[in-house]
Amino acid sequence: MKEFVLIRLLDKTAGALKKNDIDYLQLRMILKIKLTLDSRNVPTVLSGTRNIENRNIPLLSMFMYGFMGLMISIFVWVPFSTFYKMNIILGMIIFMILATMISDFSTVLLDVKDKNILMPRPVKEKTLKLAKTIHVFYYLVRITLALSGPTIVMCYFKYGMLFSLVFLLEIILISGLVMFLTSILYFLILRLFDGEKLKDIINYFQITLTVFITIAYQFIGRMFDVSETSVHFVPKWWNYLIPTTWFAAPLNMLAEKDFAGFYMYSAALAVIIPVISFGVYIKYIVPYFERNLQKLNNSSGKNQKKERNSGLQKLVSAAACPDMQERAVFKFTRDMISSERKLKLQLYPSLVFAFIMPFIFIFMNLFKGNFAEGLVRIKGSNTYLCVYIGIAMASISVSFISKSEKFRGAWIYKALPVEKPAIILRGALKAFIFKFNLPLITVLSLACVLLYGPRIIPDIILMFINMLLLLICFFRIAAKSLPFSQEFQGMKQGTNAALSFALLFLSGFLALIHFGAKFIPFGVTVNIAVSAVITMIIWHYCFKTDWNDLEYTS
Amino acid sequence: MEELAISIRELYMSYGSKQVLKGISIDVPKGQIIGYIGPNGAGKSTTVKIFLGLLTGYKGVVKVMGEDISNGSVEYKRKIGYVPETAEIFDNLTAREYITFLGQLYGMAYEETDKKAYKLMELFGIEQVYDSRITSYSKGMKQKVLLISSLIHNPDILFLDEPLSGLDANSVMVFKEIMSHLARQGKTIFYSSHIMEVVEKISDRIILINNGSIVADGTFDQLKDQSKEGSLEDIFNQLTGFDKHKQLADEFVNIIGA
């Protein structure tokens, strides 16, 4: 095990800690183990023998945050008023820290494993708590520094030393505030729900968050086209409610020498609120968690899932899969997709993007000029072909079908008397289409018909068929393994990215043909027929695999 | 009077409105092997978890080596070794890292723990995976690491919950020997299991709990006299009021065949 910087830093405070009834050696050891575990949180199942010290996952993610921080810092040079600019920068930083804390915090905060292993040992609760706090704090500091560091440097060059020092100070206050906000959120969740339900809620929250971050990225860029650079800022009462204004106010005072009352009061809030909330956090929330964490282990078994195979779903599965075994796989896949959290975390955001991305492109030129005119312009255009972007994205996510957290459970396929893997693959793909693609394309189509009028119904039929075509192609190439049989981490990123790119290209190609067909009489109809025939042919051949062709880990 | 290793007085515990332990009192002198048995959900694990401070909020007095465990000190845990039934392990660590970590928490020196751990791994025949991550271990290997990590600090009292699960027949024999050796040294072993044959053979005394209360407490022979049954399994069935096994088995086979 290597020595961590944090541990070396901590050694300097050993004396003070010992005085406070903390077993320093134990604390040091627990932290060291935690950091080691963090650096290995990608379990490489079989390569565990040697070279485990070499991969540094936290460092890699730090680079990611650093890169984002660099992007944020570019805003320092945008020629906006200081107050406005700082609001944006701080907003982004706060949001990013909050987002990472919420998803990372859950693993640290809700870790009961920790307690089960360490409590039976002669470790004082106080030591354990301190170790946990330092661990969380360490992460918070690292992420915050990576995200805000570049901006602090940029501020130094643009506004000078004092400005960047104040900025740094504010970042510290912000960390405290973020800590409070995250814990309040978990506090509420813990209060209202228990056990499995809690994990579900966190899962949904992570999904929403992922979606939100990505969309926010899309919009931050757009906002700058819309916003006017010379807007004179007139403070309104509700500005006091926006945290970024508190923190932007002192910076503005420094840069613009504007000491109006609004800025003074805001600056005061920037200090008072984080300090108070951090106090509340330490005094009330931390003890509450300690008491209620046990809830996580006691799944009361009350909220059992009802059997989901309702009459309608029975009909659907019977119609989709005439074969008995295939129908079983169909139902199994549907159940797995809707119950496995990690899978949902990957699938649902991409589903939402697949829905939203086309509209971001469609509405892109709506921002320019008159809104009503823009709508009319859209109505007469062929921009609905943007739906192909959504179709492509939805098709790419089919590769997730082979992933599972419980991938080891895949031995059942081999133990079952299933003659050809085709039955399993077909059942799984059909279930995926019904659970995922069909709802997506239905909603997309409805929205498009509302926007463009019924004239595009033939186009929608064509897009639907092309979607199936893309899906099958990608499934044939990408999913070389049985459903739920691969580990999430084991994903071969490189090849997958290349394949996804190829799929996007193919999707663009199909869109182009579709576009061309619109200029020929009956072009779309012919295109529908051709696409349908190709789809059927590929469908017929795409499941012809032998057991031995499939990748199988166990 | 012999010194008590463990003493429980009127122990009550409930999860919400569900009473799990309904007034249990047990005294265990040093050097005994206690077979602590009962059906699923009877309260066995709960009792053990209370001993280790994993559960709080119980009513009653629990003493380990004469020391009340609710007095806020964790020192008594140095004398305890614990093998949980469903064990959680930091399995991204190697056995060396994991065992030395725990050893150090018990206050042992790194080198000492390391040397001991390696030798014990060697005895169990798994020294070749000492530096591999525990995730890659088989079930038996994991169990061996668990046993080593809970005995490494030479505890006086052992709480073992299904300690033999996943071990092969030879290792089971070795470990049973280890237990009786330890008992002869004056160590106390609190042994929970569902495998009645083993409990019957190794225990000096058997405590059977059902629905959170003690329904039998004594040596195997005493229990046999009391209940007029031949094996511990039969005694277990009788005392837990379970006599339908034949009928259930019949039904089970009928349903499969239907």
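This is a predicted model: local features need pLDDT of at least 70, side-chain atom pairs count only at pLDDT 80 or more; totals for chains, interfaces and linings use all residues.
View 1. The secondary structure of chain A consists of 21 helices and 0 strands. Of the 554 residues in chain A, 33% are buried.

**View 2. The loop around A:Phe522.** Here we look at the loop between α20 (493–517) and α21 (523–542) of chain A, where A:Phe522 is located. Its phi is near 60 degrees, a positive value in a residue other than glycine. Is A:Phe522 buried or exposed? A:Phe522 has 11 C-beta neighbours inside 10 Å, so it counts as exposed.

**View 3. Where chain A meets chain B.** Each partner brings its own residues to this contact: 24 residues from chain A and 24 residues from chain B. On the side of chain A that touches chain B, the elements giving two or more residues are α3 (24–39) and α6 (112–118) of chain A. Which of them gives the most? That is α3(A), with 5 residues. By residue type, this side of chain A divides into 13 nonpolar, 7 polar and 4 charged.

**View 4. An open sheet in chain B.** Follow the 6 strands in the order β6-β7-β8-β3-β9-β10 (chain B) and you have walked across an open sheet with mixed pairing. At its edges stand β6 (80–83) and β10 (213–218) of chain B; each has a single partner strand, so one side of each is left without a neighbour in the sheet. Neighbouring strands of the sheet are turned by 15 degrees against each other on average, direction ignored. As a reminder, strands of a sheet pair through backbone hydrogen bonds, either parallel or antiparallel.

View 5. Strand β9 (residues 205–210) of chain B runs antiparallel to β10(B), and 5 bridges join the two. For one of the residues involved, B:Leu208, the bridge partner in β10(B) is B:Ala216. Packed on the sheet is helix α1 (residues 44–51) of chain B, which touches β3 (33–37), β7 (157–161), β8 (188–192) and β9 of chain B. The direction of α1 makes about 145 degrees with that of β7(B).

**View 6. Nonpolar cores.** The largest nonpolar core has 77 residues, and B:Tyr98, B:Ile189 and B:Phe190 are those with the most contacts inside it. Which residues does B:Tyr98 contact, leaving aside its neighbours within four places in sequence? They are B:Ile89, B:Phe90, B:Leu93, B:Ile134, B:Val145 and B:Ser149.

View 7. Strand β1 (residues 4–15) of chain B contains B:Glu10. The phi of B:Glu10 is near 45 degrees, again a positive value in a residue other than glycine. With 12 other C-beta atoms within 10 Å, B:Glu10 is exposed. The partner strand is β4 (residues 59–64) of chain B, joined to β1(B) by 5 bridges in an antiparallel run. Within this pair, B:Ile6 has B:Val64 in β4(B) as its bridge partner.

**View 8. The β4–β5 hairpin.** A hairpin with 2 residues between its strands is formed by β4(B) and β5(B). The strands pair in the antiparallel sense over 2 bridges, with β5 covering residues 67–68. B:Val64 finds its bridge partner in β5(B) at B:Glu67. In the turn, B:Met65 has a positive phi of about 55 degrees.

How values were computed
Residues are numbered from 1 along each chain as its sequence is written. Chains are lettered from A and ligands numbered from 1 in the order in which they are written. Two strands pair if DSSP finds at least two bridges between them. Helices (H or I, at least four residues) and strands (E, at least two) are DSSP runs, numbered from the N terminus. Axes are lines fitted to C-alpha atoms, for helices over the stretch in contact, and angles run from 0 to 180 degrees between N-to-C directions. Two residues are in contact if their C-beta atoms, placed from the backbone, lie within 7 Å. A nonpolar core is a set of buried Ala, Val, Leu, Ile, Met, Phe, Trp, Tyr and Cys residues joined through C-beta atoms within 7 Å. A residue is buried if 20 or more other C-beta atoms lie within 10 Å of its own, exposed if 12 or fewer, and partly exposed in between; C-beta atoms are placed from the backbone. Ala, Val, Leu, Ile, Met, Phe, Trp, Tyr, Cys and Pro count as nonpolar, Asp, Glu, Lys and Arg as charged, and the others, Gly among them, as polar.
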